[in-house]
Every structure is written in C-alpha cells, then in structure tokens.
Amino acid sequence: MRRVGPLLAAAAIIAVAASTGCTAADTGGDVPDAGAAQLRPTGDPGRWFDAGYASGVASTYATSNEVCGIAGDVVVERQQGPGLASRVLARRLPDGFVVWELDDARCSTGAVLDGSAVVGVEGDGSEAWRLIDVASGAVDRDLPLDRDLPLDRTVSRPTPLTEVDGLLILALDDNGLVAVDDGGVRWTARLGAGSDTTVLADGYIGVENRPEGRMSIIDGRTGEEVLGQSAPEAGWLTWASDGFVVKVNESDPEYAFFDLRGKEVDRTVGESQYRFAPSPEDGVTFPISDHVKAGRVVGVSADGVPALFQDERQRDYTQAGRIEKLPDSIIMLQAVSADGSLLLFRNDEDGLVIVDAAGAKVFDWPVPSDAVRVESGYIVATGGATTQVLLPGA
C-alpha cells in the first residue's frame with residue numbers, strides 16, 4: 001500500500017473469491033501483522049452476539065409481530081391484526097412471559113435505545129409519544145412529539161438514535177431529526193426522503209441522502225449542519241467515528257479519508273480497504289486511524305481485537321491461525337461474537353452458519369431469512385412475516 005497523505009482511516013468493499021464449506025485452521029503459519037492491531041469501536045455493545053452460541057442454539061423465540069427491539073432479556077413487539085387495534089407487548093426471553101403490555105399503542109423496529117423504548121399511545125383523539133423502560137413498563141418521560149413540529153410531515157415512525165448532553169435525538173421516518181429533553185424540543189432538522197442516518201462519536205450524526213446525491217454531518221448538541229456536500233457513488237462511502245472514508249478508485253485501489261468538516265486528512269493507493277463487522281449500519285463505527293492501520297481486518301471483537309483478517313496474499317486468518325475455507329467470501333461476514341471467537345455467515349440456502357476461530361462449524365440454521373441482525377447479544381433473523389430470536393445454548 002502506498003500512503004499519499006497524513007494518517008487516518010478507510011472503509012472498503014473488494015471482491016474476494018467466495019468459497020463454501022469450512023475446515024480446521026492451519027495454525028502452522030504465523031498470524032499476519034493485521035491481527036496485532038488494537039482497534040477502538042464506538043457504539044452499542046449489544047451488536048456483538050453472545051459467546052454462548054459456541055454451544056449452539058438451545059431454542060428459538062418466534063413471533064409474527066413486528067419486533068421493535070430487545071433490551072436485556074426482554075423483547076418489545078407491536079401486535080396488530082385484522083380487526084384488532086395495535087398494542088405493544090414486552091415478553092421475557094426465552095419463555096415468552098408477558099412482562100407488560102399497552103393497549104392502543106404502537107412502536108416500530110429500532111424503537112429501543114439504552115434499555116428504553118419509544119412508544120406511541122392513543123388517547124383523547126391524539127397520540128402521545130413516551131419513552132418506556134423496557135424492563136418494567138414504567139414511563140421514563142413524555143416526548144413532545146405530538147406537538148406541531150417545523151418539518152414536512154406529521155410524526156410517523158420515530159426512532160431513537162442517540163443521547164448527547166441530555167438531549168434525546170430521534171429520526172422521524174424520512175421527515176427529519178428532532179432533539180428533545182424534559183423542557184421540550186430543542187432543535188429540528190429536515191432530511192430528504194430516503195435519507196440514512198449513522199451515529200458517529202461525540203454526538204455527531206452522519207446523513208446520506210442517496211436519492212438526492214447528498215451527504216451531511218450534523219452536530220447533535222445544536223442541530224447545526226457542520227458539513228453538507230455531494231455524496232460519492234453508491235457504496236463508496238463508509239462512515240468513521242470521527243469522519244468518513246471515500247473509495248476514489250476501485251480498479252487501482254485508492255481511498256481518501258476526511259474529518260468531520262470534510263477536510264482530507266489521508267489518502268492511500270494500491271490496497272483495498274475492508275469494512276469492519278460490526279459496521280456503521282449495525283450502529284458501530286471506528287476512528288479513521290483504525291481504518292488506515294487495519295485495512296485487511298474484517299471482523300472485530302467487542303474489545304477491539306481483530307477476529308477475521310487477511311495477509312498480503314489475501315489468505316484468511318483468525319487469532320487461531322490460517323483458515324483455508326470460510327462458509328462465504330470474507331467480506332460477507334455478518335456478525336462477530338463479543339469475544340471474537342465465533343463468526344456468523346449465511347449458508348447456501350440463505351440460512352445462517354456459525355464457525356469458530358478454527359473454521360469448524362458450530363451450528364447451521366437452515367431456515368431462510370431476508371435479514372439478520374444482532375441485538376442485545378441475540379441473533380435475530382427475519383424471514384417473510386416471522387421474526388426468530390435465536391437463543392444461545394449456554
């Protein structure tokens with residue numbers, strides 16, 4: 001890799017030949033330098049799955065309701081059916097015991113943040129939005145989202161993003177951002193339709209509006225847009241905790257690294273950069289300096305130790321040594337266990353497979369799923385109208 005700038009980070013997507021099956025690791029060779037990097041993830045620790053999956057899957061909790069989120073061992077769901085009013089249920093895992101419920105209420109996927117859920121409750125012809133403690137069902141605070149806001153549409157699916165300096169920041173569907181505290185609304189920001197938001201470090205929020213070809217960075221303390229500019233091509237932007245990375249050239253790999261104000265702080269040529277798992281889409285980011293020094297790293301443990309990475313010859317490694325075959329291409333890694341000892345991929349039938357650090361299969365989950373995520377340490381798979389929470393064996 002040739003460096004052509006100061007020091008900072010990268011993101012990445014490169015094509016690596018996909019392979020199927022898995023074998024024990026070849027531990028005879030040395031672990032490459034990429035494995036010695038110490039990285040600094042920022043974000044929700046629940047986005048790494050529990051190491052107890054090393055014992056397989058003990059059982060599953062399945063529901064046809066919309067899963068709004070999980071906190072600890074309690075899953076929050078919205079139940080609605082033909083002729084039925086919407087209500088919100090909180091059930092304990094693994095037995096499904098109802099901890100609390102609210103009639104004439106609704107929530108949506110992504111409603112849980114730091115142990116609380118954003119729930120809308122109907123009453124007296126209007127809807128009141130509240131922050132509910134997931135464990136007990138008690139109201140943490142009322143949210144002033146039923147008032148007129150200076151945005152384009154009424155509140156639809158408010159999603160809590162982060163809390164900074166006492167301000168709770170929520171995304172209001174495609175409508176915009178709003179920051180509230182006990183005193184009311186502190187700031188709002190319009191977002192164009194189709195915008196995606198990513199929480200960065202130190203209270204900043206990255207916004208990518210692909211339909212309009214724009215990107216911006218917003219200071220969560222004030223609502224100020226500290227950066228607004230044209231976005232790079234689709235898939236060529238990766239958010240870092242302190243800025244962002246742009247793939248400049250794919251055939252002759254070149255990456256540029258920018259701080260929160262859009263100033264270029266580094267550039268590399270000659271080596272593709274991988275995206276880390278967990279990713280910004282999972283709610284986890286890494287500083288630019290991590291991207292630069294660990295471009296061959298893909299999977300990262302919760303304490304920042306590389307869990308899956310390559311050497312200069314694009315051979316795959318874990319901390320246990322070389323792995324000859326993975327269940328899929330290395331860049332298709334879906335998730336990593338908190339201790340970095342387990343790796344989650346999709347199998348050939350769009351189900352799931354976990355392998356250990358030696359490449360040996362721990363378990364196969366053959367049920368096809370449209371989407372898979374990790375929440376509160378649980379692997380959550382959604383297929384069709386059913387969401388399954390896989391419960392670890394130990």
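Predicted model: local features only at pLDDT ≥ 70, side-chain atom pairs only at ≥ 80, totals over all residues.
A residue counts as buried when its relative accessible area is under 20%. By that cut-off Asp290 is buried, because its relative accessible area is 0%.

Side chains of opposite charge can pair when their charged atoms come close. Across the whole structure, a search turns up 23 salt bridges. One of them joins the side chains of Arg40 and Asp290, at 3.7 Å from N to O. Arg40 sits in the loop between strand E1 (2–3) and strand E2 (42–43), while Asp290 belongs to helix H1 (residues 288–293), so this contact ties together parts that are 250 residues apart in sequence.

Lys293 is partly exposed, at 47% relative accessible area. Taken together, Arg40, Asp290 and Lys293 are linked in a network of salt bridges.

Another salt bridge brings together Glu271 and Arg296, at 2.6 Å from N to O. This pair, too, links distant parts of the chain: Glu271 lies in the loop between strand E24 (264–269) and strand E25 (284–285), and Arg296 in the loop between H1 and strand E26 (297–300), 25 residues apart. Glu271 is buried, with 13% relative accessible area, whereas Arg296 is partly exposed at 22%.

Moving on to the strands, E13 (residues 158–164) is mostly covered, with five of its seven residues buried. E13 pairs with strand E14 (residues 167–172) in the antiparallel sense, over six bridges, and Thr159 stands opposite Ala171 in E14. The two strands make a hairpin with two residues between them, and Asp165 in the turn has a positive phi of about 50°.

Further along comes an open sheet of four strands in the order E30-E31-E32-E33, with antiparallel pairing. Its edge strands, E30 (335–336) and E33 (361–365), each pair on one side only. E32 and E33 pair over four bridges, and Leu352 has Trp365 in E33 as its bridge partner. The loop between strand E31 (342–346) and strand E32 (352–356) holds Asp350, a partly exposed residue at 43% relative accessible area. Together with Asp348, Glu349 and Asp370, Asp350 forms a negative surface patch.

How values were computed: Residues numbered from 1 in each chain as written. Heavy atoms only, no water. Patch = residues over 30% accessible without salt bridge, like charges linked within 9 Å, V, L, I, M, F, W, Y side chains within 5 Å. Areas by Shrake-Rupley, 256 points an atom, 1.4 Å probe, with all protein chains shown as cover. Salt bridge = Lys/Arg side-chain N within 4 Å of Asp/Glu carboxyl O. Lys, Arg positive; Asp, Glu negative; His and termini not counted. Charge placed at Lys NZ, Arg CZ, Asp CG, Glu CD. Buried < 20%, exposed > 50% of the residue type's maximum accessible area, 1.4 Å probe, protein only. Pairing = 2+ DSSP bridges.
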